[in-house]
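Q: Before we look at the model, could you go through the terms used for it and set each value against its cut-off?

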Number of protein chains: 2
Amino acid sequence: MHADHSALFLHPYTSNCRCSCRIIENDLFKHDWRSRSNVEVLQYIFLKWAMAFLVGLLTGVIASLINLAIENITGLKMLQMVNLVREKRYWAGFLYFAGLNFGLTFVAAVLCVVFAPTAAGPGIPEIKAYLNGVDTPNMFGAPQLIVKIIGSIGAVSSGMDLGKEGPLVHIGACLANLLSQGGEGRWRLRWRCLRYFNNDRDRRDLITCGASSGVCAAFRAPVGGVLFALEEVATWWRGALLWRTFFSTATVVVVLRGFIEVCRNGRCGMFGEGGLILFDVSNVTVRYHAGDLLPVTLVGVLGGLLGALYNHVLHQVLRLYNLINAKGRLAKLALALAVSVLTSAGLYLLPFAVPCTPCDAAHGAACPTVGKSGNFKQFNCPDGFYNDLASLLHATNTDATRNIFSTGTAGEFRLDSLLIFFAIYCVLGLFTFGIAVPSGLFLPIILMGSAYGRITALVLARFVRIDHGLYAVLGAAALMSGSMRMTVSLCVIFLELTNNLLLLPITMFVLLIAKTVGDAFNPSIYEIILDLKGLPFLEPKPETWMKDITVGELAAAKPRAVTLQVVEKVSTVVEVLRSTPHNGFPVLDRPRPGVAELHGLVLRSHLMAVLRKRWFLPEKRRTEEWEARDKFSSTELAEKAGSVDEVQLSPEELDMYIDLHPFTNTTPYTVVETMSVAKAVVLFRTCALRHMLIIPKFQGLEVSTEKKMDSKFGPFFLLLIKMATATISICG
Amino acid sequence: MHADHSALFLHPYTSNCRCSCRIIENDLFKHDWRSRSNVEVLQYIFLKWAMAFLVGLLTGVIASLINLAIENITGLKMLQMVNLVREKRYWAGFLYFAGLNFGLTFVAAVLCVVFAPTAAGPGIPEIKAYLNGVDTPNMFGAPQLIVKIIGSIGAVSSGMDLGKEGPLVHIGACLANLLSQGGEGRWRLRWRCLRYFNNDRDRRDLITCGASSGVCAAFRAPVGGVLFALEEVATWWRGALLWRTFFSTATVVVVLRGFIEVCRNGRCGMFGEGGLILFDVSNVTVRYHAGDLLPVTLVGVLGGLLGALYNHVLHQVLRLYNLINAKGRLAKLALALAVSVLTSAGLYLLPFAVPCTPCDAAHGAACPTVGKSGNFKQFNCPDGFYNDLASLLHATNTDATRNIFSTGTAGEFRLDSLLIFFAIYCVLGLFTFGIAVPSGLFLPIILMGSAYGRITALVLARFVRIDHGLYAVLGAAALMSGSMRMTVSLCVIFLELTNNLLLLPITMFVLLIAKTVGDAFNPSIYEIILDLKGLPFLEPKPETWMKDITVGELAAAKPRAVTLQVVEKVSTVVEVLRSTPHNGFPVLDRPRPGVAELHGLVLRSHLMAVLRKRWFLPEKRRTEEWEARDKFSSTELAEKAGSVDEVQLSPEELDMYIDLHPFTNTTPYTVVETMSVAKAVVLFRTCALRHMLIIPKFQGLEVSTEKKMDSKFGPFFLLLIKMATATISICG
């Protein structure tokens with residue numbers, strides 16, 4: 001039983017960081033605090049806010065540009081395709097449509113496969129893992145950002161069943177990371193003031209801001225964005241962060257509003273308010289009564305069941321896809337292109353299967369719509385008729401959602417069209433997500449859910465007294481909650497999307513039911529993906545078995561932690577760094593013979609900094625405080641560890657000594673060996689620790705020899721060993 | 001410097017609780033966990049949700065009834081008063097008005113002064129302190145609940161400048177507490193299932209639910225309520241709580257909606273939608289442009305300044321009031337009644353000072369309004385004219401807010417009327433808050449702020465292109481943010497109040513500016529009140545001096561912690577309990593002569609349980625595990641400590657022994673003496689600890705005698721001593 005879970009305790013934690021209650025108390029950092037002037041503190045505060053502003057601004061601008069591109073590409077594509085169909089050149093239409101989609105998918109997939117494999121998928125699980133303490137390599141860099149932007153445009157424009165929402169969250173996080181580091185690689189700004197952000201805590205805070213900004217940009221939901229970060233993404237949360245995140249999302253909203261303002265009156269081509277206001281039902285007066293509770297409950301229960309089923313099947317599909325994708329780049333590319341062809345065929349051919357619906361005279365010139373977005377696509381139908389399925393399928397996914405959500409349209413969509421729509425989007429949703437292009441989960445689930453909601457409304461027509469458009473909204477909410485298991489943030493996102501407060505209680509009700517039902521079957525989709533990716537995740541609640549064993553027992557079953565002496569030989573340090581993957585080492589002191597003392601914990605990155613600087617002592621002595629201070633800046637100590645093999649040392653150097661006093665954090669978090677694992681894990685997570693030392697219960701004094709003493713330190717062990725990021729695979 | 005802050009370290013923490021990462025690991029509790037069946041676990045989960053539902057339901061019902069009572073009492077009062085004025089019987093009108101107000105205030109104040117002094121004021125600071133770990137005695141009981149309900153009705157109906165919002169939050173918290181304990185005193189239900197809630201963690205969670213429900217009931221803002229609890233009230237927050245709180249507030253909203261539905265068409269007397277929908281501007285199309293940014297920024301900056309000034313003056317007034325209130329019950333009563341007379345005089349007489357305004361023909365029959373609520377009160381004016389100041393002053397505070405917020409009414413209120421309104425409400429707001437009746441802070445600030453907003457709009461009329469009603473909303477938001485310093489929750493509350501998403505970015509902007517400006521001057525109003533009440537509060541951020549001293553140094557400056565032996569004499573235990581106020585004691589073990597070992601920490605409440613049961617041993621021996629298990633149930637151990645003097649022991653009993661093994665939490669949180677106070681405080685707060693042991697840095701072994709050993713344990717000390725609630729005064 002324990003063995004299965006032991007991977008958790010080999011948590012591949014990221015490089016040096018000062019998170020939450022983790023304040024590294026070594027001489028150098030302490031000195032650095034005390035020497036910081038007020039001006040520097042103000043500069044730091046100003047920069048923090050400026051960064052949050054920039055993250056919001058850039059995310060907003062990029063989101064607007066992505067929308068602009070998608071709307072225009074899709075719009076032009078659809079226009080041309082419909083023209084061909086109107087000329088009855090059906091084959092030409094299909095080839096044009098499928099070919100263009102193929103090309104767009106090809107661009108997205110090639111970029112993803114060749115330049116940034118980590119840019120595939122939504123990126124949200126990785127952000128979640130990062131904020132939990134696990135750093136996926138090459139996740140938040142410039143290549144990922146660029147590939148994600150272009151790839152998103154390509155993938156969404158190609159008509160595939162995926163959204164730009166997840167990728168926008170990842171884009172926000174990438175921006176935040178790049179800003180906090182002042183860029184990447186050769187292009188990196190090495191401004192002095194940026195050194196403040198060269199630590200994990202500020203970086204993590206900014207990435208949280210970025211993630212919220214992304215959600216906000218995706219749904220124009222500033223409060224929803226903040227809550228999404230709080231509920232779904234972040235592991236540690238501070239009150240101060242609430243405000244800063246909010247500032248970022250407020251900036252995003254202002255940018256988006258400005259953009260809509262500029263693009264009003266068709267100044268941005270096909271782009272109107274299209275990509276931004278998803279569904280606005282604020283002009284509808286909603287009235288519901290006790291009698292509506294029953295069908296609405298049904299929507300919730302079924303939504304939960306469907307969500308759980310979706311999670312289950314998607315899990316299986318992703319496992320299959322993992323096998324395919326493992327076969328190499330070509331396999332990945334082929335898979336993406338195959339899905340694109342399948343999608344094109346489905347979207348193009350299915351509307352031919354449904355009969356044309358005569359236009360209702362009440363809609364006037366709005367029906368049928370030709371050459372613009374609207375509810376009544378004419379497609380293959382004669383004048384005065386419209387193809388309801390084409391109206392849903394031949395649009396961007398956001399337009400489709402808007403159509404299906406539109407109110408006052410109970411009779412607009414036929415039951416069989418909706419069933420076909422639901423079926424095709426179930427299949428596409430399941431088979432599109434895992435391919436190697438940037439893809440979001442939100443929109444596929446919203447599309448499926450809204451169709452499911454409308455179907456329910458049609459089937460239960462006798463009992464339904466609320467608008468069918470609202471049933472579509474409720475269906476989407478139920479399915480999202482059933483699959484993603486968020487509550488408050490989803491509710492607020494829906495509130496901000498629908499811009500109708502009166503819908504709130506009923507939405508809450510549906511969300512709560514769907515989540516409860518879903519939770520009875522399987523974990524949320526993000527947890528499933530985290531698990532599939534082999535990213536260990538420290539859950540807020542310890543598991544049951546953890547209550548029954550102590551940390552001492554657990555530590556005894558693991559390899560012993562490697563300890564260092566306060567003044568250690570260079571060769572020993574190099575050997576330890578080379579032979580272990582740990583990122584932290586307990587440091588022991590022997591003030592008198594026969595006496596051992598826990599001095600503290602030293603980080604791999606600091607040892608590496610010493611090796612790189614070759615700050616060695618010819619003799620075994622304790623240095624004065626100023627010696628290390630003169631030599632090392634706190635910026636240098638904040639650098640990543642790197643590999644030991646980068647440093648070439650001569651035999652003379654290897655024979656010298658390192659004084660670890662200035663680098664040792666003398667107050668690491670310690671727990672007594674008799675503590676239960678459950679309690680230790682909660683402490684570990686609550687305090688956002690990276691290392692925790694287990695000390696023997698024994699606090700007293702007795703006669704001893706050197707030998708006995710060593711055995712006393714038996715349970716002395718790093719509970720959660722910090723490892724280089726490269727070793728993530730061992731947890732997979 | 002340290003001495004000033006040392007009160008923080010004598011934190012009067014509440015009785016036994018298992019909070020956050022605090023899992024008490026003693027034999028008895030461990031056994032209790034393991035023996036809990038699945039049925040019991042399910043029962044517990046079900047009960048938790050049922051409790052959250054009940055809290056929401058009851059809060060909603062009580063809020064509705066309070067509204068009903070206030071609207072009807074005030075409505076009838078105003079009707080009669082206006083009739084007297086229309087008959088030109090001005091003196092009779094005044095005497096009737098002032099007399100009725102006097103009577104209503106008298107009822108509220110007498111109840112408060114005699115039966116539940118803690119029911120005065122809003123109660124929010126005490127809830128905040130409770131959730132931070134400080135339990136004010138007699139705060140959440142049945143008398144407080146009843147006095148708060150009746151007192152609120154009386155105080156608000158009496159026309160004083162106070163709101164029902166704060167009291168509603170307190171009512172929610174009282175309900176939650178009573179539910180979790182199954183009632184109080186004689187009426188307490190002693191159902192077996194309720195024992196699950198007999199611990200601090202579940203009680204705290206429920207009180208958080210109650211507080212959110214209260215905010216939700218006050219503003220009909222379910223999401224705002226949750227965020228308020230998260231941002232302002234709660235100290236420790238878990239993801240699971242987000243969902244449960246949300247469930248409570250959703251219930252409240254459904255109840256309120258049902259109530260409005262029932263009361264539609266005047267079936268509840270004067271109560272229409274009045275008390276519930278504060279201000280609805282959803283039917284207004286908001287357009288704002290870059291040019292509006294300047295006046296809006298000004299609203300934010302001035303709002304921040306005014307808010308900080310308000311906090312400062314209120315602080316002084318409250319200090320003065322504290323002196324008066326300390327003089328006894330009669331002084332309290334007299335103060336409340338004096339404020340009531342002052343208020344009545346102001347509200348009645350001031351409208352005579354402004355000229356009548358002719359009705360705009362466009363308003364038709366709506367102007368002037370006689371005998372109902374409306375924007376154009378005729379009062380002393382001839383037909384065809386209205387008194388704009390009377391429209392604001394002769395209404396419930398919620399109606400006044402609705403009037404001042406109403407849109408499309410730029411010319412309705414004269415500048416001089418608004419200035420008088422602002423001035424009178426500034427004075428009343430400052431002098432009303434501290435009196436001995438239940439009173440909220442939200443509404444006075446909203447009233448002041450909305451007047452300030454409209455005044456700004458009138459003064460800047462040339463630059464203002466947005467509706468004046470919206471300026472009133474922004475002014476209210478700015479002043480609230482400037483005084484209360486909340487951001488996200490306020491923003492969401494305003495979003496839910498105004499039901500208009502387009503206002504969000506501009507509201508955010510104003511809130512952020514006002515908070516920043518306010519923060520530059522003084523702390524938030526709640527912090528000021530907490531400080532005045534002498535409630536110690538553990539801030540999330542440690543203070544600067546804490547970084548510079550270690551816990552060892554701090555402990556050395558304090559009286560030594562009292563330790564017990566694992567098997568201790570009864571007389572020693574009694575003596576220790578009697579002579580110290582601590583709520584936890586380190587337990588030492590001496591497995592061999594010359595060896596001391598930290599066994600763990602025992603709670604005062606557990607020692608008291610042992611004394612009450614007289615579970616004594618005739619000889620000094622370690623008991624078997626089953627012996628204690630047979631004797632003590634975990635429910636008994638969860639009881640509050642009580643006083644030592646309740647237990648009368650014979651000299652024979654005093655000479656016997658107690659085995660502390662079964663009761664000792666063998667894994668208390670420990671920190672090394674070299675840890676900085678800052679780090680320890682952050683750990684303490686993050687993990688919601690009640691006790692933390694400081695252990696010597698030394699972990700090694702050496703030859704020693706008994707004497708030396710004792711000196712080794714010198715720094716062994718309870719960092720944050722848990723005391724009986726009765727000793728709160730020492731921190732004041």
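Q: What makes S5(B) and S6(B) paired strands?
A: Strands here are DSSP runs of E at least two residues long, and helices are runs of H or I of at least four residues, both numbered from the N terminus. Two strands pair if DSSP finds at least two bridges between them; strand S5 (residues 584–589) of chain B is joined to S6(B) by six bridges, so the two count as paired, and they run antiparallel. One of these bridges links Asp589(B) to Glu597(B) in S6(B). The model is a predicted one, in which local features need pLDDT of at least 70 and side-chain atom pairs count only at pLDDT 80 or more, while totals for chains, interfaces and linings use all residues. Residues are numbered from 1 along each chain as its sequence is written, chains are lettered from A and ligands numbered from 1 in the order in which they are written, and side-chain values use heavy atoms, with hydrogens and water left out.

Q: What makes the pairing in the sheet of chain B mixed?
A: The open sheet has three strands in the order S3-S5-S6 (chain B). S3(B) and S5(B) run parallel and are joined by two bridges, with Leu564(B) partnered by Val587(B) in S5(B), whereas S5(B) and S6(B) run antiparallel.

Q: Why are strand S3 (564–565) and strand S6 (597–603) of chain A called edge strands?
A: In the open sheet of chain A, with the order S3-S5-S6, each of these two strands has a single partner strand, so one side of each is left without a neighbour in the sheet. S3(A) is joined to strand S5 (residues 584–589) of chain A by two bridges, in parallel, and Leu564(A) has Val587(A) as its bridge partner in S5(A).

Q: How do you know that helix H23 (residues 604–613) of chain B packs on the sheet?
A: The helix touches S3, S5 and S6 of chain B, where contact means heavy atoms within 4.5 Å. Its direction makes about 75° with that of S6(B), the axes being lines fitted to C-alpha atoms, for helices over the stretch in contact, with angles from 0 to 180 degrees between N-to-C directions.

Q: Why is S5(B) described as largely enclosed?
A: Six of the six residues of S5(B) are buried, so the strand is largely enclosed by the rest of the structure. Buried means under 20% relative accessible area, exposed means over 50%, and partly exposed lies in between (1.4 Å probe, protein chains only). Gly584(B), Pro586(B) and Leu588(B) point one way, and Phe585(B), Val587(B) and Asp589(B) the other.

Q: Why does Gln378(B) count as buried?
A: Its relative accessibility is 3%, which is under the cut-off of 20%, so Gln378(B) counts as buried. Gln378(B) is found in the loop between strand S1 (357–358) and strand S2 (385–386) of chain B.

Q: What shows that residues 241–260 of chain A are helical?
A: The span is 100% helix and 0% strand, with its end C-alpha atoms 29 Å apart.
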